[in-house]
Amino acid sequence: MKLHDMSPTPGSRKRRKRVGRGDSSGWGKSAGRGEKGQSSRTGSVSRPFFEGGQIPLFRRLPKRGFKNADRIVYALVNLDVIEKNFAAGDVVDETTLREKALLGKARHAIKVLANGEITKAVTVKAAKFSAAAAAKIEAAGGKVEIAE
């Protein structure tokens, strides 16, 4: 095969539909926009969930509950995750957890929970610990450090 023999896979390249270029094209006159009205005009963009002036659904539904603007969201890490991914003597903190891709993209304070068992002596630095998690880490010979 040579360069001049090459061609795209059939059906992979589609020509752009040129609307508003004469009646014989089938897309002339109103160019597929229908007749009159806001949507037929140039530059017309309606925001998401706009219902044509009718009261939108999110305003018609009753509001329930309370969202505290000052709440603190924690990234949760369980002891079984620490047991599986770290060796004895390691320091477990936000940077090492991120290096091993054990945290999501969002930057939240870390809370360690007691789900699972731990047998290795590791130093764990986090914003919060459940009482049971702190007890299990110290029972295994590890250290618990509260980091901000």
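A: A word on terms before we start: strands here are DSSP runs of E with at least two residues, numbered from the N terminus. By that count T123 is placed in strand 4, residues 123-126. Keep in mind that this is a predicted model.

Q: Is T123 buried or exposed?

A: T123 counts as buried because its relative accessible area is 15%, and the cut-off for buried is under 20%.

Q: What is T123 in contact with, leaving aside its neighbours within four places in sequence?

A: T123 touches D90, V91 and V92, and also K143 and E145.

Q: OK, salt bridges. How many does a search of the whole structure find?

A: Six. One of them joins the side chains of E35 and K29, at 2.9 Å from N to O.

Q: How exposed are E35 and K29?

A: E35 is exposed, at 58% relative accessibility. K29 is exposed as well, at 67%.

Q: Where does K29 lie, and what is its phi?

A: K29 lies in the segment before helix 1. Its phi is near 50°, which is a positive value in a residue other than glycine. K36 also has a positive phi, near 45°. K36 lies in the segment before helix 1 and is exposed, with a relative accessible area of 71%.

Q: Now E83. Where is it?

A: E83 sits in helix 2, residues 79-85.

Q: What is the nearest side chain of opposite charge to E83, and how far away is it?

A: That is K120, 4.1 Å away. E83 is buried and has no salt bridge. The cut-off for a salt bridge is within 4 Å, from a side-chain nitrogen of Lys or Arg to a carboxyl oxygen of Asp or Glu.

Q: What polar atom lies 2.7 Å from the side chain of E83, then?

A: The backbone nitrogen of T119 is 2.7 Å from a polar atom of that side chain. Leaving aside neighbours within four places in sequence, E83 has contacts with E117, I118, T119 and K120.

Q: Switching to aromatics. How many aromatic pairs turn up?

A: Zero, in a search of the whole structure.

Q: Which lysines lie over the face of a ring?

A: K17 lies over the face of W27, at 3.9 Å from the ring centre. K100 lies over the face of F86, with 4.9 Å to the ring centre.

Q: What about V112, buried or exposed?

A: V112 is in strand 3 and is buried, with a relative accessible area of 1%.

Q: What surrounds V112, sequence neighbours within four places aside?

A: The contacts of V112 include V77, L79, I82, V124, A126, F129 and I137. K128, S130 and A133 are also among them. I137 is 25 residues from V112 along the chain, and their C-alpha atoms are separated by 10 Å.

Q: Last one, S12. Where is it placed?

A: S12 is in the segment before helix 1 (57-60). At 49% relative accessible area, S12 is partly exposed.

Q: What lies 2.8 Å from a polar atom of the S12 side chain?

A: The backbone oxygen of T9.

Technical notes:
Residues are numbered from 1 along each chain as its sequence is written. This is a predicted model: local features need pLDDT of at least 70, side-chain atom pairs count only at pLDDT 80 or more; totals for chains, interfaces and linings use all residues. Side-chain values use heavy atoms; hydrogens and water are left out. Rings of Phe, Tyr and Trp (its six-membered ring) pair if their centres lie within 6.5 Å; planes under 30 degrees apart count as stacked, over 60 as edge-to-face and the rest as tilted. A charge sits over a ring if NZ of Lys or CZ of Arg is within 6 Å of the ring centre and within 35 degrees of the ring normal. Helices (H or I, at least four residues) and strands (E, at least two) are DSSP runs, numbered from the N terminus. Buried means under 20% relative accessible area, exposed over 50%, partly exposed in between (1.4 Å probe, protein chains only). Lys and Arg count as positive and Asp and Glu as negative; His and the chain ends are not counted. A polar contact is a pair of N or O atoms within 3.5 Å; within protein, one must be able to donate a hydrogen and the other to accept it, and residues adjacent in sequence count only if both atoms are side-chain atoms. Contact means heavy atoms within 4.5 Å.
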